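I opened a notebook page for this chain. These are the things I looked up, in the order I looked them up.

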Amino acid sequence: KVRPITLSSPMLEMIKERVDSGAAGSILIAGTAGDGKTYHCRSLWTHLGGADKDWKAKTTVKQLNLADGRLAVFVKDLSELSDGESDDALTLMERSINGEETHSFVVIAANHGQILERLRDLGKRQHRPHPLRKPIQDAFLQYVEAPQGLAIFDLSRTTRRESLGEVLKAVAGHQEWENC
């Protein structure tokens, strides 16, 4: 029953602004293990009105009807999905980016390699090179812009010198120490 430690997250504010803007397309929250992909995804969920109990439910894919009439589909960890579930999420991402789907969008949290592997495999099943694989790979490796309509938030790119100081202050100054 200890209140969790919270730290600032400038990228979270950018993700919220992107969704709040109503811009078409989807969102990819990428990074390596421990970068905070699930934290950012969950924080966006609650920002948009999603209930904590629904987030904690065992399903990896969650849907949230937004006040503006759009449907947000959250994938809290792409690696936990079966091929079929992954194909559905990635197809929705592609359709929202291409403008074929305007009422739904997807928010996917994934490791770099996982999203690229899933796109490659989906392309093989569709007998084509997947059109998003190379642009996303280039965005990760060459820091070029993401495909139009896809907002990529690469958490592994954020390095903040003040992070250690912020963590130490949050731990040492936590209210719960008064109970010791």
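**Entry 1: H47**

I began with H47, which is partly exposed at a relative accessible area of 36%. The cut-offs I used are these: buried means under 20% relative accessible area, exposed means over 50%, and partly exposed lies in between, with a 1.4 Å probe and protein chains only. I note that the model is predicted, so local features need pLDDT of at least 70 and side-chain atom pairs count only at pLDDT 80 or more, while totals for chains, interfaces and linings use all residues. Residues are numbered from 1 along each chain as its sequence is written, and side-chain values use heavy atoms, with hydrogens and water left out.

H47 sits in helix α2. Helices (H or I, at least four residues) and strands (E, at least two) are DSSP runs, numbered from the N terminus. Which residues does H47 contact, leaving aside neighbours within four places in sequence? I found K16 and D20; contact means heavy atoms within 4.5 Å. I also looked up the distance from H47 to E94: the two are 47 residues apart in sequence and 24 Å apart in space, C-alpha to C-alpha.

**Entry 2: the rest of α2**

Helix α2 covers residues 37-47, and its buried residues are K37, H40, C41, S43, L44 and W45. What covers these buried residues? The cover includes α1, β1, α3 (52-56), β2 (61-65), β3 and β4. Just after α2, I noted that G49 has a positive phi of about 105°.

**Entry 3: cysteines**

C41, one of the buried residues of α2, has a relative accessibility of 0%. C180 counts as exposed, at 77% relative accessibility. How many disulfides does the structure hold? I found 0 disulfides, where a disulfide is a pair of cysteine sulfur atoms within 2.5 Å.

**Entry 4: helix α4**

I went on to α4, which has 16 residues. From first C-alpha to last it reaches 22 Å, close to the 22 Å expected at 1.5 Å a residue. The expected span of a helix is 1.5 Å times one less than its number of residues. The buried residues of α4 are S86, D87, A89, L90, L92, M93, E94, S96 and I97. Among the elements that cover them are β1 (26-31), β3 (71-75), β4 (104-111), α5, α6 (133-142) and β5 (150-154).

I picked S96 from this helix. Is S96 buried or exposed? S96 is buried, with a relative accessible area of 2%. Not counting residues up to four places away in sequence, S96 touches G25, S26, E101, S104 and F105.

**Entry 5: G99**

α4 is followed by G99, whose phi is positive, near 85°. G99 lies in the loop between α4 and β4, and at 46% relative accessibility G99 counts as partly exposed.

**Entry 6: salt bridges**

I then listed salt bridges, each being a side-chain nitrogen of Lys or Arg within 4 Å of a carboxyl oxygen of Asp or Glu. By this rule the count is 11. One of them joins the side chains of R125 and D83 at 3.7 Å, N to O. This pair links distant parts of the chain, with R125 in helix α5 (residues 112-125) and D83 in helix α4 (residues 83-98), 42 residues apart. Both ends are partly exposed: R125 has a relative accessible area of 37%, and D83 has 43% relative accessibility.

R95 has a salt bridge to E100 at 3.4 Å, N to O. R95 also has a salt bridge to E101, at 4.0 Å, N to O. R95 counts as partly exposed at 33%, whereas E101 is buried at 18%. Salt bridges that share partners also join D83, D87 and R125 into one network.

**Entry 7: a nonpolar patch**

Which residues make the nonpolar patch of about 420 Å²? I wrote down I5, L7, V167, V171 and W177. Patches are made of residues with over 30% relative accessible area and no salt bridge; like charges are joined within 9 Å, and nonpolar side chains (Val, Leu, Ile, Met, Phe, Trp, Tyr) within 5 Å. Accessible areas come from the Shrake-Rupley method with a 1.4 Å probe, and for residues only the protein chains shown count as cover. I5 is in the segment before α1 (10-20) and is partly exposed at 43%.
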